[in-house]
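Subject: Structure handover

Hi,

Please find the structure below. My notes on what turned up follow it.

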Amino acid sequence: MLANAAPKLLGVTTTRREQILETAAGLFAQHGFHGVSIADLGAACGFSGPALYKHFRGKQAILSEMLVSISEELLREGRARVRAAEDDHAALVSLIAWHVDFAIDHKPLIVVQDRDWSALPLEAREKVRETQRKYVDVWVKVLRKLRPELSGPQGQATVHAAFGLINSTPHSALVSDDAMREILNPMALRALLG
């Protein structure tokens with residue numbers, strides 16, 4: 001049986017379905033999508049593997065919901081932060097803080113997204129790509145207001161580079177999460193503003 005190191009997926013776990021997603025994120029991050037069986041996942045959740053089929057069609061459905069839902073959450077929260085900000089600089093600072101917090105609090109999801117992307121069914125992959133493009137666009141619109149000299153492609157490249165910096169958190173366990181926030185927030189802001 002595989003060890004369970006399940007993180008909180010998107011807040012407090014309240015349903016069996018959310019428990020499965022949370023547990024799967026930890027297991028997939030540790031062992032890879034193909035290294036975790038339905039039996040392993042069921043045992044980590046405290047029930048038989050076949051009981052998972054009451055909630056999901058299979059492992060791919062779990063992976064799909066996991067990555068689609070986190071992409072949708074990033075987009076929803078990103079848009080909300082821009083709407084709530086008093087100006088473009090405050091919006092960028094808030095977007096960075098949100099993404100840094102997300103990356104630090106959900107390291108397994110970043111590992112799963114990077115490593116197990118190819119295991120996603122095509123429909124889910126397209127949904128994740130579309131949602132993530134919209135999320136990048138939220139950032140690019142704010143960034144180009146602050147840096148009007150950037151073309152659209154330059155803005156996209158800059159935002160993607162900042163995401164690479166922030167999403168490196170699963171590989172930077174040298175300091176505490178709070179210390180990492182103190183490093184990443186100003187570093188990402190400087191990188192984006194040039």
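What pattern does the protein follow, read along the sequence? The pattern is α-α-α-α-α-α-α-α. That is eight helices and zero strands. Helices (H or I, at least four residues) and strands (E, at least two) are DSSP runs, numbered from the N terminus.

Ground rules before the details. This is a predicted model: local features need pLDDT of at least 70, side-chain atom pairs count only at pLDDT 80 or more, and totals for chains, interfaces and linings use all residues. Residues are numbered from 1 along each chain as its sequence is written, and side-chain values use heavy atoms, with hydrogens and water left out.

Overall shape
The C-alpha trace spans about 55 × 35 × 25 Å along its principal axes.

Burial and contacts
Of the 194 residues, 47% count as buried. Buried means under 20% relative accessible area, exposed over 50%, partly exposed in between (1.4 Å probe, protein chains only). Take the contacts (heavy atoms within 4.5 Å) with a separation of 6 or more: residues 24 or more positions apart account for 68% of them.

Helix 5
Helix 5 covers residues 107-116. Seven of its ten residues are buried, so helix 5 is largely enclosed by the rest of the structure. The buried residues are Pro-108, Leu-109, Ile-110, Val-111, Val-112, Gln-113 and Asp-116. They pack against helix 1 (16-31), helix 3 (59-84), helix 4 (88-105) and helix 6 (122-146).

Aromatic pairs
The whole structure holds five aromatic pairs. Rings of Phe, Tyr and Trp (its six-membered ring) pair if their centres lie within 6.5 Å; planes under 30 degrees apart count as stacked, over 60 as edge-to-face and the rest as tilted. Phe-28 and Phe-33 have ring centres 5.2 Å apart and planes at 70°, so this pair is edge-to-face. Phe-28 is buried at 0% relative accessibility. Phe-33 is buried too, at 5%.

Tyr-135 and Trp-139 also pair edge-to-face, at 6.1 Å centre to centre and 75° between the planes. Both are buried. They sit four residues apart in helix 6, so about one helical turn separates them. Ring pairs join Tyr-135 and Trp-139 with Phe-163 in a cluster.

Best wishes
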